[in-house]
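Work through the exercises below with the sequence and the model in view. Each task is followed by a solution in steps.

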Amino acid sequence: MNNRKVKLGFIGLGFVCQQCHLPTFSINENFEIIAISDPFEDLRKNIALRYGIKNVYSSHLEMLETADIDAVVITLPRRLSYSVLKDCLEKNKWVFTEKPLCLNLHHAEEIYNLAIERKRSIFVGYMKNSDSGTKLFKEKFDLIPKDSIKTIRAFCHCGYSYASPFGDIKGNELNPLEYNLESYPNWLNKELEFSYEQYLNTFSHITNVLEFITENKLSFVNYHGSNSGEGFLSAFISQIKAPVIIETSRGEQNKWIEGIEIVYESNVLSINYPAAFLRNVPATIKILKGESFSSIETIRPQWSWSFLNQTYEFFKMINTNEVNHENLISSINQIRLVNDLYKFISN
């Protein structure tokens with residue numbers, strides 16, 4: 001990009017885009033928001049007015065054809081992402097998209113092959129990997145011998161409403177457009193489609209963090225729980241002998257509980273994440289030591305926001321000398337892991 005600003009187009013202007021992506025990309029000096037697209041006419045006009053954006057479209061296809069953009073930010077309902085991703089890659093755009101990448105593993109592999117063909121990177125928005133606490137947790141993890149790990153437990157209990165953020169603009173004036181909805185895997189029972197999508201959308205965050213921290217791949221072993229994906233998934237991490245358990249549940253409590261706990265021979269390393277939409281609140285790390293006496297060290301990095309951090313990582317991905325597919329490959333593995341889980345549940 002020769003250090004010039006990356007010209008951005010936004011596709012989908014709903015809640016997550018307004019709460020997280022528009023605020024962060026608009027203040028990152030490496031980007032310039034050139035165009036937006038959304039089928040709600042009043043929504044896109046109000047967003048354009050708020051951010052001073054001149055190029056406004058109802059269709060992403062029209063935007064891709066006419067707007068002078070280098071990259072796109074995609075925030076759409078899950079079943080719409082796949083076809084839009086393809087459209088953007090075929091126009092040689094760099095892509096930032098919300099997770100999950102796709103609902104269908106076959107489609108995810110198709111996107112991967114297209115990204116290689118077009119020599120473009122895709123940044124999938126697993127924002128916890130960009131959390132300052134995650135970075136520090138990984139540093140601590142890398143210092144301790146892997147053969148001293150006894151157990152690894154990752155957990156996510158999603159309570160009510162993330163953190164009840166407010167201030168997003170609603171759209172009422174819809175311009176009907178034809179969309180290509182992604183199909184669910186053909187082996188998936190219809191009654192499991194909702195929980196399958198929810199697992200990919202919510203719980204794959206913590207499995208993705210596990211792969212990021214350990215720099216290794218998670219593989220399905222077994223599962224004990226309900227058909228809704230609430231229970232205990234046991235997994236294997238390549239290069240690590242210790243057993244891994246992933247605990248998932250949902251509830252109506254005013255609480256979000258998510259983190260990882262790694263038990264070693266002589267200490268315990270843990271990280272706990274804030275609710276998803278709290279701004280400038282990084283994860284908290286605790287180290288329990290007990291060689292000769294017991295002590296607990298609590299570490300919280302400087303105030304920072306993972307959604308803002310990942311805008312700088314996306315810019316770095318675009319500006320690198322080589323196309324980077326590391327993030328993409330890990331996001332595909334989350335789909336593979338959930339596929340294996342729901343094939344188990346289906347049987």
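**Exercise 1.** Which residues in helix 4 and helix 5 meet?

Solution. The model is predicted: local features need pLDDT of at least 70, side-chain atom pairs count only at pLDDT 80 or more, and totals for chains, interfaces and linings use all residues. Residues are numbered from 1 along each chain as its sequence is written, and side-chain values use heavy atoms, with hydrogens and water left out.

Step 1. Find helix 4 at residues 78–90 and helix 5 at residues 105–118. Helices (H or I, at least four residues) and strands (E, at least two) are DSSP runs, numbered from the N terminus.

Step 2. On the helix 4 side, take Y82, L85, K86, L89 and E90; in helix 5 they meet H107, E110, I111, L114, A115 and R118. Contact means heavy atoms within 4.5 Å.

Step 3. Sort the contact of helix 4 with helix 5 by class: 6 nonpolar, 1 polar and 4 charged residues. Ala, Val, Leu, Ile, Met, Phe, Trp, Tyr, Cys and Pro count as nonpolar, Asp, Glu, Lys and Arg as charged, and the others, Gly among them, as polar.

**Exercise 2.** State how helix 4 and helix 5 are oriented to each other.

Solution. Step 1. The packing angle is about 10°, and the axes are 10 Å apart. Axes are lines fitted to C-alpha atoms, for helices over the stretch in contact, and angles run from 0 to 180 degrees between N-to-C directions.

Step 1. Angles under 35 degrees count as roughly parallel. Helix 4 and helix 5 are therefore roughly parallel to each other.

**Exercise 3.** Describe the open sheet and the helices that pack on the sheet.

Solution. Step 1. The open sheet has 8 strands in the order 8-9-10-7-11-12-13-14, with mixed pairing. Two strands pair if DSSP finds at least two bridges between them.

Step 1. Strand 8 (218–225) and strand 14 (295–299) are the edge strands, each pairing on one side only.

Step 2. Helix 6 (residues 132–143) packs on the sheet, and its direction makes about 165° with that of strand 12. Helix 7 (residues 193–214) also packs on the sheet, at about 145° to the direction of strand 10.

Conventions
Angles under 35 degrees count as roughly parallel, over 145 as roughly antiparallel, 65 to 115 as roughly perpendicular and the rest as oblique.
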